[in-house]
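Visitor: I would like to go through this model term by term. Please set each value against its cut-off.

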Amino acid sequence: MSPVERDTISLSFLPESGAPPVEWRISDDLVDYDTALREMDERVKRIISGDAGEQVWLLEHPPLYTAGTSANDGDLVAPDRFPVYRTGRGGQHTYHGPGQRVAYVMLDLKRRQQDVRAFVSALEAWLINTLWQYHIRGERREDRVGVWVRRPDRGPTVEEKIAAIGIRLRKWVTFHGISFNVEPELEHFSGIVPCGITEHGVTSLVDLGIPVTMAENDSVMRAEFEKIFGPTVSS
């Protein structure tokens, strides 16, 4: 039994009966951030109007920083290092770049649960269960969003963040989503105070000794997504 099955609000965030499967889209090339925002915004509009179904879009960005709606300008340590994008998602500053799997999650909560906290908990459960497939215990924290890994090899109280969550809703359709560190350049996080937290660092699967490819990790993420959110179909 994975750890999340003992502490999550709910592992089920399934759609209403008869809903079509979620489109599972993967972009192999790096996707410019403005392009991603434009396409995501268009897809959300089409989901709201009923012209398109739900979608999870997996991609990687070129190196960049984003600032969420709660971002503190003082947390941008190196403003000239990479492009900085102000974005409407919740949260503070974060880094995106090659080796990090970004998943933009566009789901219609009217077909599921109109409960934002439950949705965030479901995203956390998805990430924690993915980590458990590598025998890594990911944990949630009440005072900070995301998924955390204890690092006793670096000290008895050391924790590092392996996944971030930042979402937005429009008429109960979700967008933005999660970022999961597979093998990014961890030094790139030094240009910001990630999510406004100074006392903890960041880590990745490869940093934890898990030599997995992005494609292999995508398969694990898809299997764990389906357990919580329902079936998917390849784009």
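Visitor: How many salt bridges does the structure hold, and what makes a pair a salt bridge?
Guide: The structure holds 19 salt bridges. The term means a side-chain nitrogen of Lys or Arg within 4 Å of a carboxyl oxygen of Asp or Glu. This is a predicted model, where local features need pLDDT of at least 70, side-chain atom pairs count only at pLDDT 80 or more, and totals for chains, interfaces and linings use all residues. Residues are numbered from 1 along each chain as its sequence is written, and side-chain values use heavy atoms, with hydrogens and water left out.

Visitor: Why is the contact between aspartate 41 and lysine 45 called a salt bridge?
Guide: The closest N and O atoms of aspartate 41 and lysine 45 are 3.4 Å apart. The cut-off is 4 Å, so the pair qualifies.

Visitor: What separates aspartate 41 and lysine 45 along helix 2?
Guide: About one helical turn, because they are four residues apart in helix 2, residues 33-49. Helices are DSSP runs of H or I with at least four residues, strands are runs of E with at least two, and both are numbered from the N terminus.

Visitor: Which residue meets arginine 112 in a salt bridge?
Guide: Glutamate 54, at 2.9 Å from N to O. The pair links distant parts of the chain, 58 residues apart. Arginine 112 is in the loop between strand 6 and helix 3, and glutamate 54 is in the loop between helix 2 and strand 2.

Visitor: Why are arginine 112 and glutamate 54 called buried?
Guide: Arginine 112 has a relative accessible area of 12%, so it falls under the limit. Glutamate 54 has 6%, so it counts as buried as well.

Visitor: What does the salt bridge between arginine 141 and glutamate 159 tie together?
Guide: Parts that are 18 residues apart in sequence, because arginine 141 lies in strand 7 (residues 138-141) and glutamate 159 in strand 9. Their closest N and O atoms are 2.9 Å apart. Arginine 141 is buried at 18%. Glutamate 159 is buried at 9%.

Visitor: Which residues are linked in a network of salt bridges?
Guide: Arg151, Asp153, Arg154, Glu160 and Asp207.

Visitor: What makes lysine 227 count as exposed?
Guide: Its relative accessibility is 56%, so it passes the limit for exposed. Lysine 227 is in helix 4.

Visitor: Where is arginine 81, and what does its side chain meet?
Guide: Arginine 81 is in the loop between strand 3 (64-67) and strand 4 (84-86). Its side chain makes a polar contact with the side chain of glutamate 187, at 2.3 Å. A polar contact is a pair of N or O atoms within 3.5 Å; within protein, one must be able to donate a hydrogen and the other to accept it, and residues adjacent in sequence count only if both atoms are side-chain atoms. Arginine 81 has a relative accessible area of 33%, so it is partly exposed.

Visitor: How do you know that strand 3 and strand 4 pair?
Guide: Two strands pair if DSSP finds at least two bridges between them. Strand 3 and strand 4 have three bridges, so they pair, in the parallel sense. Tyrosine 65 stands opposite valine 84 in strand 4.

Visitor: Why do strand 4 and strand 5 stand at the edges?
Guide: The open sheet has three strands in the order 4-3-5, with mixed pairing. Strand 4 and strand 5 (93-96) each have a single partner strand, so one side of each is left without a neighbour in the sheet.

Visitor: What makes a set of residues a nonpolar core?
Guide: The members are buried Ala, Val, Leu, Ile, Met, Phe, Trp, Tyr and Cys residues, joined through side-chain atoms within 4.5 Å. The largest core has 38 residues. Among those touching the most other members are Phe119, Trp126 and Leu205. Helix 3 supplies the largest share of this core, 10 residues. Apart from it lies another core, of 15 residues, including Val31 and Leu64.

Conventions:
Buried means under 20% relative accessible area, exposed over 50%, partly exposed in between (1.4 Å probe, protein chains only).
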